[in-house]
Amino acid sequence: MEPQNNPPHGKNGLVLALSGGGAAGLAHIGVIQVLAENDIPVRAVVGTSIGAEIGAFMASGMQVDELVSLATAFDWKQTLQLFMPDLPTGGLVSGKKIMDFLNTKLGKRHIESLHIGYAAITTDLETGEQVVLDCGGLVDAVRASISLPGLIAPHCIGSRWLVDGSVLNPVPFDVARERFGGPVVAVAVHSAARRHVRHPRQPRSRQLPVRIRQLLRQPWMARARGLEEWLETQLENYQKTQDKKQWWTARRVLDQVLDITQAEIVRLRWSVNPQDLMLVPEVGRVGTVEFYRAKEAIAAGRAAAQEKLMQIKCLLDPGTNQ
């Protein structure tokens, strides 16, 4: 698809491409904060997974202060409530509680009614095709895009069963340009994207085993055997990775192979239709569901945007002094 010469939501402003990456994607909020503080307009946003969710809040008109408050209010117990295993078909969690949360915050909005352009990236589980959702229910689009395989069950829209957009497009800068033109600023927190730009390896979070042990000591855990067993497995895997002799567990091998594959996808898409600027926040190893680390992730996003602030301004006004 050729870039649109006359974007439907106006010609002025950046087009953001927000990557997947789980809780690390809260860094997108820090970037949005810096743009708002410097009166840099955004006319469209295209997101994958957590990027689709953050982008939906932004496109729906949620003020950045409210977005920050929403993210930082989550502690590990609230996170657990959203991801409490209910053993549905196709994932560890059905996503019902996530849908309830999204409906509370986004309501019945349709993408066509948003005040800026918006699209969410998903993957058709049966055909393997990329599916770009740019019309219809906003909550459905977000729910489909965040359907992380193995964790959150696929989401059905029409006749399609859809999963996380990161499977095929971890950082959707190419779709952003195709749908809305430029200039495109990509924000990459997905591990594959960081591999693409050779981002330095960061130390693992030491909070995860502490949180898991706290949960396992809860009295109600005896009534949730499935969850208890899953958490014990996570703790066991974490402990094994601390022993370098057992670093390459089966799960880590699979994760690494997927990471390498997605990094290659990012590289190939970049070679065909690159972004104008890519921000790569130093999010360390914020875990997929470590949403209680919001302040840390947001600060990383702010730092990345501030570092490239003059370059961002130059995209909108080439005469700006660097």
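**View 1. Lys96 and Thr104 are exposed on one side of helix H5.** Exposed means over 50% relative accessible area, buried under 20% and partly exposed in between, with a 1.4 Å probe and protein chains only. Helices (H or I, at least four residues) and strands (E, at least two) are DSSP runs, numbered from the N terminus. H5 spans residues 96-106, and its buried residues are Ile98, Met99, Phe101, Leu102 and Leu106. They cover an arc of only 160 degrees around the axis, so they share one side of H5. The arc is taken over the directions from the helix axis to the C-beta atoms. Glycine 107 follows H5 and has a positive phi, near 65 degrees.

This is a predicted model: local features need pLDDT of at least 70, side-chain atom pairs count only at pLDDT 80 or more, and totals for chains, interfaces and linings use all residues. Residues are numbered from 1 along each chain as its sequence is written, and side-chain values use heavy atoms, without hydrogens and water.

**View 2. Aspartate 39 has a positive phi, near 55 degrees.** This residue is not a glycine. Its loop runs between helix H1 (27-37) and strand E2 (42-48). Aspartate 39 is exposed, at 70% relative accessible area.

**View 3. Serine 49 has a positive phi, near 55 degrees.** Serine 49 sits in the loop between E2 and helix H2 (50-59). Serine 49 is buried, at 8% relative accessible area.

**View 4. A cis peptide bond joins glycine 182 to proline 183.** Omega is near 0 degrees. Proline 183 lies in the loop between helix H7 (173-180) and strand E9 (184-187). Most peptide bonds are trans, and most residues other than glycine have a negative phi.
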